[in-house]
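Dear colleague,

Please find below the structure that I am handing over to you. A summary of the findings comes after it.

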Amino acid sequence: MYTGIMGSWTPVPCQCCLTSTIRSLAVIQLRHAVKPEAKRWLISRLEGRKKDGGARLLVHPGEDDDGSMILLSATPYSLLRGTEVLGLAKLDDSGSMRAFSYDNRASFPNSENTDEFLTLAERQFLVKHEADSIRVRDEEHVPGYPKLRLYPGQPIVRCLRKCGIIKKFYPVHDEQQLRPLTQEWYKGLHLYSQPIDAVCAYFGVSIAFYFSFLGFFSVSLVPMALFGVAYYVFSLDFLDRHIVFAIFSVIWSTVTLELWKRHSAAAAYRWGTLQLKSQFEGPRGQYWGPLGINPITGRREPYYPSWKRKMRMLLASTPTVCAFLGLAVDGMVLFLYWERWAQNSYGTSSSVLAPVWLLLPSITHTLYVELLNGIYKRVAIVLTEWENHRVESAFQNHLTIKVLAFRFFNCFALLFYITFYMQDLLLLKKRLASLLIVSQVSNQFIECILPYLLQRLKLRRKDGKQGVSEDQPLVDVVFTEGELPAYEGLFDDYMELFVQFGYASLFSCVYPLTAALLVLNNLTEIRTDALKICKLHQKPFPCPASNIGVWQVAFETLGYFAVITNCFLISISPEVKELCRDVGVTPALSLLYAVGVEHILIALKLVVAFAIPDEPSWVKLKLMQMDFCSWEALKRMETKQALAAAEG
């Protein structure tokens with residue numbers, strides 16, 4: 001029985017359904033005027049039994065006008081079984097995290113009430129996992145669409161999304177949880193304190209990791225920011241800022257990342273994802289090719305030869321990437337010519353417009369860099385899709401490599417050129433200040449302010465007023481959530497932090513206010529990103545994670561570049577050059593000394609990295625206890641099976 005569009009089902013009581021009501025967790029929106037027989041067939045597969053190839057979900061056709069909405073939820077039994085299959089860890093009766101076992105559910109407090117035992121994010125992820133897991137058993141066509149043939153092993157939901165029958169698939173918001181979360185998260189007057197555990201419970205671990213890293217990184221910038229502001233305000237000329245900031249930034253980058261590893265390990269343990277089970281990945285919904293037999297699963301699925309994919313990468317993707325790198329170089333050349341012309345024409349001018357002309361080249365080039373980054377990101381997605389990678393992880397890895405390599409070159413190549421070739425510290429300082437100010441303002445406007453204004457304008461045109469009335473039907477609320485743009489993921493957000501980390505670790509010795517500007521930006525960034533995910537986009541499906549993934553490696557690699565750059569900046573600083581002239585050291589010998597110092601600092605980074613454990617000692621102890629409990633449970637099960645076999 002169902003008691004409302006966003007209300008709850010009252011399932012038939014049974015020993016594995018211990019709660020009385022189950023709320024809607026996700027929505028599938030079908031395209032307009034979909035064939036009724038296709039909708040009935042999809043519903044039958046979603047709510048069918050596991051042994052019959054179904055997802056064993058609770059399904060209710062939404063009471064919308066065109067009948068295109070399907071509401072999904074799951075019984076407590078399905079949720080708990082899914083928790084065990086995915087290897088999620090939960091608190092047991094001893095207060096320790098342990099991989100959940102359905103047969104031993106009595107030893108996990110509140111397991112009889114899944115609304116308390118599992119977070120909203122976990123329940124929504126489990127529903128999506130179950131829906132994505134249903135596959136075609138026998139070759140058939142989609143009812144009502146004889147040309148849409150499905151083959152054994154194909155994931156039904158992904159295939160229907162690919163062919164357009166399923167238009168949208170998204171989790172629903174829970175206003176009772178969202179409202180206090182937003183009040184505490186981005187409407188308060190606090191600085192960096194964030195309700196990370198509440199964010200994890202509502203949006204999932206991957207989202208929580210991003211915001212946790214954003215806050216952790218911002219707090220780590222505070223000491224550098226305070227020192228930079230003091231140096232800038234009080235003109236501490238008795239200290240060579242190049243030497244002090246260079247050494248500080250090298251140590252800072254290493255310690256920050258190592259402490260973050262410990263912080264993230266503790267958080268992953270607390271959220272039950274530190275020891276996630278690896279899952280076998282099926283083909284992406286966009287993967288195409290002639291049907292073949294998978295030698296691992298024995299299922300029929302598309303097959304695309306790897307040599308064709310490599311040829312596409314070599315003959316199309318690589319030239320396209322090189323072409324964009326050429327556009328980045330063209331922008332650098334034009335900036336340098338324009339900057340030289342502005343200095344020659346207005347460098348000593350007393351005209352009122354002189355400051356504008358002197359700043360215009362740097363501001364224009366910064367906007368060009370941001371525009372090129374945005375265009376390249378879209379082209380990289382199209383190229384990676386065209387390469388036809390089989391699984392999602394391969395697709396994401398190739399996309400990340402493409403965008404990361406280009407973004408690094410586009411954002412830092414000019415700074416490296418000014419540093420190593422021109423050795424013009426004044427121009428480097430000017431360019432860095434422009435990047436920090438202009439790019440951050442433009443990003444905040446494009447990412448949050450503009451979408452917010454467009455959304456308010458759309459609501460005003462639609463309803464004749466701002467906001468949504470409290471008595472609006474719940475079905476309209478769910479439909480309105482689906483009309484919001486899909487959340488594009490955390491890629492761009494992590495990329496922005498990657499660039500910030502580069503500015504702070506590579507060039508803060510040239511511009512002491514770098515860290516202070518980043519701190520001010522991130523004060524706003526936390527709130528705008530929170531507003532974006534809470535109100536401006538569809539709620540994304542939660543995704544378990546044990547850390548920030550490949551971004552940890554990217555940040556650590558940037559830390560080694562910081563050693564090289566800072567050592568060279570020390571060697572070309574005016575104070576060091578003057579000291580070398582006084583003691584009779586030639587420029588070539590000075591550079592040799594810088595290389596020696598660079599090797600010493602890299603060795604220091606390695607020592608610090610090994611000296612700071614990646615996991616706190618208490619987390620290591622808890623993990624060993626988890627492994628011990630798993631082995632004990634396995635031995636008890638084997639003993640039980642042996643006794644049963646002997647009695648039989």
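The notes below go from the whole protein to individual residues.

This is a predicted model, in which local features need pLDDT of at least 70, side-chain atom pairs count only at pLDDT 80 or more, and totals for chains, interfaces and linings use all residues. Residues are numbered from 1 along each chain as its sequence is written, and side-chain values use heavy atoms, with hydrogens and water left out.

Overall picture

The secondary structure comprises 20 helices and 12 strands; helices (H or I, at least four residues) and strands (E, at least two) are DSSP runs, numbered from the N terminus. Of the 648 residues in the protein, 50% are buried. Here buried means under 20% relative accessible area, exposed means over 50%, and partly exposed lies in between (1.4 Å probe, protein chains only). The protein exposes about 31600 Å², and carbon and sulfur atoms supply 63% of that area. Accessible areas come from the Shrake-Rupley method with a 1.4 Å probe, and for residues only the protein chains shown count as cover. Among contacts (heavy atoms within 4.5 Å) between residues at least 6 apart in sequence, 73% join residues at least 24 apart.

A nonpolar patch

Phe-445, Ile-446, Ile-449, Leu-450, Tyr-452, Leu-453 and Leu-454 make a nonpolar surface patch of about 640 Å². Patches are made of residues with over 30% relative accessible area and no salt bridge; like charges are joined within 9 Å, and nonpolar side chains (Val, Leu, Ile, Met, Phe, Trp, Tyr) within 5 Å. Leu-450 belongs to helix α13 (residues 425-463) and is partly exposed, at a relative accessible area of 34%.

Cysteines

The structure holds 0 disulfides, a disulfide being a pair of cysteine sulfur atoms within 2.5 Å. The sulfur of Cys-163 is too far for a bond because the closest cysteine sulfur, in Cys-159, is 7.5 Å away. Cys-163 is partly exposed at 30% relative accessibility, whereas Cys-567 is buried at 4%.

Two residues in helices

Glu-525, in helix α16 (residues 514-536), is buried yet has no salt bridge. A salt bridge is a side-chain nitrogen of Lys or Arg within 4 Å of a carboxyl oxygen of Asp or Glu. The nearest side chain of opposite charge to Glu-525 is Lys-532, 5.9 Å away; Lys and Arg count as positive and Asp and Glu as negative, while His and the chain ends are not counted. Leaving aside neighbours within four places in sequence, Glu-525 is in contact with Tyr-210, Leu-214, Gln-444, Glu-447 and Glu-496.

Gly-559 lies in helix α17 (residues 550-572) and is buried, at 1% relative accessibility. With neighbours within four places in sequence set aside, Gly-559 is in contact with Ser-253, Phe-501 and Lys-605. Its C-alpha atom is 9.1 Å from that of Leu-257, which is 302 residues away along the chain.

Residues in loops

Arg-56 is not a glycine, yet has a positive phi of about 55 degrees. Arg-56 sits in the loop between α1 (36-47) and β4 (58-61) and is partly exposed at 26% relative accessibility. Asn-388 also has a positive phi, of about 65 degrees, although it is not a glycine. The loop that holds Asn-388 runs between α11 (354-387) and α12 (392-422), and Asn-388 is buried, with a relative accessible area of 1%.

Yours sincerely
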